[in-house]
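Please look at the sequence and the structure below before reading on. The report after them takes one topic at a time.

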Amino acid sequence: MSHPTAVADRPATRALSRFLPSDRWGIATLVVALFVATPLIAVAIIALTPAPDIWKHLYNTVLFGYVRRTVTLMFGIGLGTFILGTGTAWLVTMCRFPGRGFFNWALILPLAVPTYILAFVFTDQLEYAGAVQVALRDMFGWRNRQDYWFPEIRSMGGAITVMTLVLYPYVYLLARAAFLEQSVCVIEVSRTLGKNAWQSFWHVALPLARPAIVVGMTLAMMEALNDFGTVDFFGVRTFTAGIYDVWLNMDSISGAAQLAAVLMIFVIALIMLERSARRGQKYHHTSTKMQALPGYKLRGARAGLAIAFCALPIVLGFILPAMVLLSYSVVFFDVALKANFLTITLNSLTLSFGAAVAAVGIGLVLAYGLRMGSGPLPRAAVRFASVGYAVPGAVLAIGVIIPLAKFDNAIDALSSQLFGVSPGLLFSGTVVAILYGYLARFLALSFGTVEAGLGKVSRNMDGAARTLGATPFQTMARVHFPLVRTSLMTAGLLVFVDCMKELPITIILRPFGYDTLATFVFQYASDELFEESALGALTIVAAGLIPVAILALTTLRSRPGHATGSCSA
Amino acid sequence: MIPPLTTQQTMNNTTAPGLHMQNVSHAFGSHEVVIDVSVSVEAGELVCLLGPSGCGKTTLLRLAAGLEDLQRGQIRFGDEVIADSSQGRQVPPEGRNVGLMFQDFALFPHLTVMENIAFGLPQKNAGRVGWVRDTLASMGLAQYADAYPHVLSGGQQQRVALLRALAPTPRVLLLDEPFSGLDVNRRAQIRQDTFQILSQAGIATLMVTHDPEEAMFMADRILVMRGGRIVQAGRPMDIYFKPEDAFVAELFGPINALPGQVSGSQLQTPLGAFPAGSQQDGATVRVLIRPEALVLSLPAESAQGPALTVMSARSLGRSTHLTLLLEDGAEGTVLSARMPGVFLPDVGSRVHAQVAAESLLVFPAE
C-alpha cells in the first residue's frame, strides 16, 4: 500500500521548505542579495571550471610573476601602513607636543586622495623631467642621467610608497581608536611595575591594540589589491594589472577570469584575517572606564621628531598633491574645459548619483529583509553579497561581463526567434554594466550604514506602532523612515564619493568613448598629459574630502565612550 | 485625579470584551515556550502572569497582541475570534485594537510626548486629544507635552507609554514588565498611580512580571508560569498562602526548608509537632516556612516553642533580619527570620520560635 518514494521524499521536501524562505521579505531579500552577488558567483564558477590550456599558458608565462609582485606589494603596504599608521596614532593619543590637535584630524586627509592620483602627482614631480630632478640638476650642475643617481618612481618601491601614503589612515583611525579605548590604568600599572614609557607601549599598549591594527592593515591591503591605476601606470604587473591586460590587450575573457579567480585567493585570505582580528577585538577591551591619557610631554628634539613624523604623511599624501593639482588646474583651466571637462564631470555625477540611490535602495531592502527575521538562507546570501567591498574592482568587472553577456545573448536569441529582430547587446558595454559593478562593490558600504541606522529602531517600537494601529507600511513611513533618514543620507554620500573615485570597474566596463573623471584623468596621465587633466583630479579629491570632513568633525572630535546623546533627536 | 473618561469610553466599558486565550501553544524552532496554556481575563479585571524569565509569559503577551503568529489555539476578544490556528485566522496587530506597553517603553524618539500619545489616534479625534491633554496635566506632565522623550525621567516615560497605549481606547490592555525599568524608590508610587488609571479604564488587562510583590499589588488574579505551562492560578492571597508546590512558594524569596515526618495525626518537625491535616500516615514530607512566619520571643517572657541560637541580627529599619541555628542534629539547621520593627537579641543568645500551623507549607519530599 505504501509508496516508499513518496514517503522518502516528504522529509526532504519539508527540510527544503524550511530552508527556503516562505515570507515575502525573505524571498525579496534572497533574490536581491543573489542579484548583487551574481558577479562574485560568476567568478567563483569560472574558478571551479577547469581550463587546462589557459592554466598551462598562465603557469608557463605570467603566473609566478603576478604572485610574487602581488605578495611583495601587499607586504610592503602592510608594513608601511603599520609603521606610519600606528606610529602617528600613538603620538597623537599618548604624547603631548606642539600641533598635536591639528595632526589629530589632519592625519586622515590623505584618505581623500585616490592612490592613482597620488601616483600621477609623484611621477609628475619625481620623473627625469619633473620639478625635483630639474631643481637638483640646476643646483649641482648635473647634465644628464649618467651624472647622478635618483630613485625610479615608476617601480615597485614607488607603488608601495605612494599607496602607503594614502592608505595608512585606515590603520591610523583604528589604532587611534584602540589606544583611546584602552584604559590608561593598564599602562599605569605597567609603569608602576617598572616598565618605562617605551616598554609599556611595546609590551602593553601595542598588543592590546593589535586586533584593531590588523583590521586596519587588511583594509589597506584590500584597497591595494583593488588599485589598478597605480600599478598599471608604474608598470608593476600585479594581478589587477594583469587582469586588465589579459582582458583588453589579449582579448581573453577566460584568461582574465582565471586570473581573477586566483586573485580571489588573496582576497579570501585577507577577509579571513580581518574577520578573525575583529573577533579578537572583543576580547581586548580592558575597561570601559575612561581617564585622562598620560600625555607624555615631548620637548626639544623629541618634539621636533614627532612633528616631522606626523607632518610627513600629511604633506606628501595631501598637501603636496593638492597644491600641485591646484596650480595645474589654474594654469590649464581652459584646456580642461575644451577637453569636455563639463560633460565628463556630469557623467561622473550622474553615474555616482545613480549608483548611490540604487545602493541605498537595495541596502534598505536587504537590511529590512534581515530585520524581518527571514531564515538562514537569505542571511547567508546577504553576507555573501556584502563581501564585494573586499573584492578588487577588476575581478568584479569580469564577474559583471560574463553574466551580462550571457543574458544579452539569450535575449537576442529569443527575440530573433520570436520576432525575427535582433536587438543586439542590451546591457553589455552600457552604463548599466558600470552601475552593476559599482553596486556589487559598494553595496556593503550602504547596507552596513543602513543596517546600523535601523538598529537604532528597537523591535519594541515596531510592536508599539503596530498595536497602535499602524500597518507595516505606515510603521515604515512614520517610525522607521524619520529615524534612519540620516543614515540613508550618509550611506548615499559614502557610495557616491567612492563611485566618483572608482577606476578599475569603470575603465573595464565603460562604453566606447564614454569617460568619467577617473578614466579621463587616467587616460590623460597615461598619455603624459597629466597637467591638462589636473582639474578632473582636483574635482575627485574635492569630492573625497566630503566624507573625510564628516569623519573629522564627528568621530575624531570626542573620545569613544564620551559621545553624548543616543539615537534620539 | 484622572479626568473622567469620555462617554465613548464609558460606553465601551459596559460592552468591554474579555480576553480569552484557549489551548495556546507556541514554539521557536524546536524550542517550545508556551505549552497548552489557557488564560481568561474579564473586562475590568487585571490578571498577572508571574514567573521567572524564559517561562513563556512575554510570548503569551506578544501572541495576544498579534506580534507573533499564533501557532496553536484560539484567541478571542469577547465573542470575536482574533486568531485561530485551526481556521488559519490571524488578525494583524493593527486590526486588534489592543494597548501594549513595553518594558523599555519603546517611545518614539523623534516624536514629542504629545505626538507619541496621539500616534494611535485617528487624525480628527479632537475629543480624545482633549482627554490626553487633561490627563497629561493631571499627571503633572503638561509642560512636557512638546518635549522629546529623552528629556523625561523613567517614571515620566512610563506614564507617557501607558497613556499612549490607553489613548486609542483599546479593547484589551497588555503590560510587559511595566515597572521593571524604574528605579526602586519611585516604583511604589508609580505602581499606585498606574493602578488607579487602570481601574478607571475598566478594560481587561493582562500584565507580565517576574516580581511577585508587584503581582500581589496589581492583580485580581495571578497565573504562575514555569517552563511554558501555568503551574497555579488564583487570587494573590492563595498564591502566597496556599502555593501548590515548592516552586510557587519559593517565588516570594528565600524560604526555610525542614524535613517532616507524619505519624498518626501528627506532623513531626524539628520545630515541634503540628496537626498532620490531610497528610498520609508515615509520609516523609518537606516543610517550608517563610522567614516572616517564624514568630520569635525572648526567653524571659512566657516563651513558647523550641529554643534557637541567634547567629546574627540585622536591623533593616522597618524590620529585623535574623539568622538562627536550630540544633536538630550534628550540624544543625540555619533558619532565617524576619521580625517587624526592631528586635535585636545578642548574638549567641537564645530565642524561642513559634510557627502557626496554617503557615506551614507542606509538600511531598523530593
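## The open sheet of chain B

In this predicted model, five strands of chain B make an open sheet, and their order across the sheet is S2-S1-S4-S5-S6. The strands pair in an antiparallel manner.

## Strand S1 and its two neighbours

Strand S1 of chain B covers residues 19-28 and pairs with S2(B) in the antiparallel sense over seven bridges. Two of the residue pairs can be named. Val24(B) has Val37(B) in S2(B) as its bridge partner, and His20(B) has Ser40(B) in S2(B). S1(B) and S2(B) form a hairpin with two residues between the strands. In this hairpin, Gly29(B) takes a positive phi near 65°.

S1(B) also pairs with S4(B), again in the antiparallel sense, here over five bridges. Which residue of S4(B) stands opposite His20(B)? It is Arg76(B). His20(B) therefore has a partner in each neighbouring strand, Ser40(B) in S2(B) and Arg76(B) in S4(B).

## A helix across the sheet

## Chain B as a whole

Chain B has 366 residues, and 37% of them count as buried. Its secondary structure consists of nine helices and 21 strands. Taken along the principal axes, the C-alpha atoms of the chain fill a box of roughly 75 × 50 × 35 Å.

Contacts can also be sorted by how far apart the two residues are in the sequence. For chain B, among contacts with a separation of 6 or more, 67% are between residues 24 or more positions apart.

## Chain A as a whole

Chain A contains 24 helices and two strands. It has 569 residues, of which 45% are buried. Among the contacts in chain A that join residues at least 6 apart in sequence, 84% are between residues at least 24 apart.

How many residues does helix H8 of chain A have? The helix, residues 156-181, has 26 residues. From its first C-alpha to its last it reaches 36 Å, which is close to the 38 Å expected at 1.5 Å a residue. The helix has a kink of about 45° at Leu165(A), shortly before the proline Pro169(A).

Is H8(A) mostly covered or mostly open? The helix is mostly covered, with 23 of its 26 residues buried. An α-helix has 3.6 residues a turn, so residues three or four places apart point the same way.

## Where the two chains meet

Between the chains, 18 residues of chain A are in contact with 19 residues of chain B. On the chain A side, the elements that give two or more residues are helix H20 (459-467) and helix H21 (472-501). H20(A) supplies the largest share of that side, six residues. By class, the chain A side has nine nonpolar, eight polar and one charged residues.

Definitions and conventions:
Residues numbered from 1 in each chain as written. Chains lettered and ligands numbered in written order. Predicted model: local features only at pLDDT ≥ 70, side-chain atom pairs only at ≥ 80, totals over all residues. Helix = DSSP H or I, 4+ residues; strand = E, 2+ residues; numbered from the N terminus. Expected span 1.5 Å × (residues − 1). Bend = angle between axes of the 7 residues up to and from the residue. Buried ≥ 20, exposed ≤ 12 C-beta atoms within 10 Å, placed from the backbone. Contact = placed C-beta atoms within 7 Å. Nonpolar A, V, L, I, M, F, W, Y, C, P; charged D, E, K, R; others polar.
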